[in-house]
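Please keep the sequence and the 3D view open while you read.

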Amino acid sequence: MQNWFPSSATIPLSRRWWVRSLFVAYLVMWGGGIGHYTLVGKPPLDAPWAASLFLLLAGLIVAATSRRDEVGVLLAAAAIGFLAEVVGVRYGFLFSEYAYTDVLLPHLWNVPLVMWSAWMVLVAYTRELLHHRQWPGPPRLVGATLGALWMTAIDLVIDPLAANQLGYWRWVGTGPYYGIPTHNFFGWFVVSLVIFLLLPSPREHHSWALMVGRSILVFFSLIALSFHLWLAGGIGLLLFLIDLALHRAHRPRSSYSQG
């Protein structure tokens with residue numbers, strides 16, 4: 001299990017208590033969310049704010065454990081995803097027509113602000129998955145394509161829940177995969193490809209980004225299975241097993257000291 005669970009020793013003392021507090025709160029919501037959705041089928045305490053807080057905590061952990069020069073890079077990458085959502089909601093041509101509900105609040109330009117955090121977490125996770133191995137990362141176009149494919153595969157796990165049982169948004173049209181328009185996945189791939197083409201490779205290993213990303217993947221996979229979304233949940237677990245196999249085959253480089 002070495003290198004699977006990030007150590008707070010790599011975090012400066014000035015931020016260590018903050019990260020630990022965020023992580024404890026995140027773990028409580030992660031475990032409580034899985035347990036409550038699995039047993040009851042709805043968020044804990046019927047709290048509509050729980051989903052927004054959960055995604056926000058995930059983003060704060062990634063930001064708080066990143067190098068100072070990396071935070072701006074990740075926020076900028078997430079801004080591309082967020083602005084793509086704004087365009088998508090307004091004009092409907094990027095991801096097909098859809099509209100966010102009031103489950104994730106507050107909104108900015110009809111898009112939940114917490115989607116900025118969600119994009120940052122998934123981009124940081126996928127970026128680390130591609131580049132933290134012992135060899136240098138793949139060439140930019142190849143790496144960007146692989147990153148976009150991995151992000152699209154994650155979308156296959158999250159969207160069936162988010163647009164249906166969790167009610168984060170609603171589609172105007174429909175499609176063969178859990179009622180999701182196929183155009184959405186092409187849009188997700190293109191936006192992710194642009195992000196990874198523009199995003200520089202990480203200079204150091206960021207184990208916290210990997211941990212948070214993996215936990216998000218497992219979270220939505222287990223909830224999908226609890227709602228009998230076997231294909232979506234199965235894809236999520238397959239992605240996790242691929243991640244595990246890559247980790248076992250190629251150990252990460254030594255972790256960096258953030259600062």
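## Fold and confidence

Helices (H or I, at least four residues) and strands (E, at least two) are taken here as DSSP runs, numbered from the N terminus. Read along the sequence, the chain follows the pattern α-α-α-β-β-β-α-α-β-α-α-α, with eight helices and four strands. This is a predicted model, in which local features need pLDDT of at least 70 and side-chain atom pairs count only at pLDDT 80 or more, while totals for chains, interfaces and linings use all residues. Residues are numbered from 1 along each chain as its sequence is written, and side-chain values use heavy atoms, with hydrogens and water left out.

The pLDDT is the predictor's confidence in each residue, from 0 to 100. Its average over the protein chain is 85, and 84% of the residues score at least 70. Among the elements, helix H1 has the lowest mean pLDDT (81), and strand S3 (residues 111-112) has the highest (96). Residues 252-259 have a pLDDT below 50, yet beyond near neighbours in sequence this stretch has 37 contacts in the model. A contact here means heavy atoms within 4.5 Å.

## Inside the protein

How much of the protein chain is buried? Buried residues make up 53% of its 259 residues; the label means under 20% relative accessible area, with exposed meaning over 50% and partly exposed in between (1.4 Å probe, protein chains only). Among contacts between residues at least 6 apart in sequence, 77% join residues at least 24 apart.

The largest nonpolar core has 79 residues, and Val212 and Ile216 are those with the most contacts inside it. Such a core is a set of buried Ala, Val, Leu, Ile, Met, Phe, Trp, Tyr and Cys residues joined through side-chain atoms within 4.5 Å. Leaving aside its neighbours within four places in sequence, Ile216 touches Tyr26, Phe54, Ala58, Val121 and Leu122.

## The surface

The protein chain exposes about 11,800 Å², and carbon and sulfur atoms supply 70% of that area. Accessible areas come from the Shrake-Rupley method with a 1.4 Å probe; for residues, only the protein chains shown count as cover. On the surface, Trp17, Trp18, Trp49, Leu53, Leu56 and Leu60 form a nonpolar patch with about 620 Å² of accessible area together. Helix H1 (13-39) and helix H2 (50-64) are the elements that give two or more residues to this patch, and H2 provides the largest share, three residues. Patches are made of residues with over 30% relative accessible area and no salt bridge; like charges are joined within 9 Å, and nonpolar side chains (Val, Leu, Ile, Met, Phe, Trp, Tyr) within 5 Å.

Leu56 sits in helix H2 and counts as partly exposed because its relative accessibility is 39%. Leu141, in helix H5 (residues 140-165), counts as exposed because its relative accessibility is 57%. The C-alpha atoms of Leu141 and Leu193 are 8.8 Å apart, although 52 residues separate the two along the chain.

## Salt bridges

How many salt bridges does the structure hold? There are three, each defined by a side-chain nitrogen of Lys or Arg within 4 Å of a carboxyl oxygen of Asp or Glu. One joins Asp69 and Arg67 (3.3 Å, N to O). Asp69 is partly exposed, at 39% relative accessibility, whereas Arg67 is buried, at 18%.

Another joins Glu70 and Arg127, whose closest N and O atoms are 2.5 Å apart. This pair links distant parts of the chain, with Glu70 in helix H3 (residues 68-91) and Arg127 in helix H4 (residues 114-131), 57 residues apart. Both Glu70 and Arg127 are buried. Arg214 and Asp243 also form a salt bridge, with 2.9 Å between the closest N and O atoms. Here Arg214 belongs to helix H7 (residues 207-226) and Asp243 to helix H8 (residues 230-249), 29 residues apart. Arg214 and Asp243 are both buried.

## Backbone details

Most residues other than glycine have a negative phi, and most peptide bonds are trans. The peptide bond from Leu105 to Pro106 is cis, with omega near 0°, and Pro106 lies in the loop between strand S1 (98-100) and strand S2 (107-108).

Asn110 is not a glycine, yet it has a positive phi of about 70°. Asn110 is placed in the loop between S2 and S3 and is exposed, at 53% relative accessibility. His228, also not a glycine, has a positive phi of about 65°. The loop between H7 and H8 holds His228, which is exposed with a relative accessible area of 53%.
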